[in-house]
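Okay, thanks for coming, everyone. Let's have the structure up on the screen and then walk through a few parts of it together.

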Amino acid sequence: MTDIHQRAAELARRLNARRLKMATAESCTGGGIAYVLTSLIGASDWFERGFVTYSNDAKMEMLGVAAATLDRHGAVSEATVLEMARGALIRSRADISVAVSGVAGPGGGSADKPVGTVWIAWAQGPDWSRAERFQFTGDRGAVRDATIEAAVEGLIARLAAV
């Protein structure tokens, strides 16, 4: 595993270079991404806000995730994290966002979504978003740490591509 603080600093450099602000929309990480990012000195220059939307009600109320999306696909799904990422942009002054929802364990898994299943979505502006499914291993802490790392890496990759 890479040093998440070094990767967060790389993300900060890329955001600052482009004068972009970011937001997080977190479920299974419970604010862990925002915590790692805001541990950096100067984070207020590029970190706009974080949403911790652990419950479905919070996803709907704070991010505008449709009840029909949650009913049809569940909280841990591509459709839900895409709506979370887009909602974080709409409900903030951020230019780019990341959203995560998953089954960190040790319970809560199913045949379709076993423990370690995490969906991460990234969005930038009104016209670009993408989501990816991950299957992480380990205990609850390991799944959450891997999710935080993958979320940051995805942001860095997006900023490197544009």
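Quick housekeeping. This is a predicted model, so local features need pLDDT of at least 70 and side-chain atom pairs count only at pLDDT 80 or more, while totals for chains, interfaces and linings use all residues. Residues are numbered from 1 along each chain as its sequence is written, and side-chain values use heavy atoms, with hydrogens and water left out.

Back to alanine 157. With a relative accessible area of 44%, alanine 157 is partly exposed; buried means under 20%, exposed over 50%, and partly exposed is in between, using a 1.4 Å probe and protein chains only.

Now, what does H6 pack against? The axes of H1 and H6 come within 10 Å and cross at roughly 30°; axes are lines fitted to C-alpha atoms over the stretch in contact, with angles from 0 to 180 degrees between N-to-C directions. That makes H1 roughly parallel to H6, since angles under 35 degrees count as that, over 145 as roughly antiparallel, 65 to 115 as roughly perpendicular and the rest as oblique. Among the H1 residues that meet H6 are Leu11 and Leu15, and the H6 side includes Val152 and Leu155. Contact means heavy atoms within 4.5 Å.

On to the inside. The largest nonpolar core has 34 residues, and those with the most contacts inside it include Leu11, Met22 and Trp46. A core like this is a set of buried Ala, Val, Leu, Ile, Met, Phe, Trp, Tyr and Cys residues joined through side-chain atoms within 4.5 Å. H1, H2, E3, E4 and H6 each supply at least two residues of this core, and H6 gives the most, with nine. There's also a second, separate core of 20 residues, Phe51 and Leu70 among them.

Last stop, threonine 80, which lies in helix H5. Is threonine 80 buried or exposed? Threonine 80 counts as buried because its relative accessibility is 0%. Leaving aside neighbours within four places in sequence, its contacts include Lys59, Val65 and Leu70.

Notes:
Helices (H or I, at least four residues) and strands (E, at least two) are DSSP runs, numbered from the N terminus.
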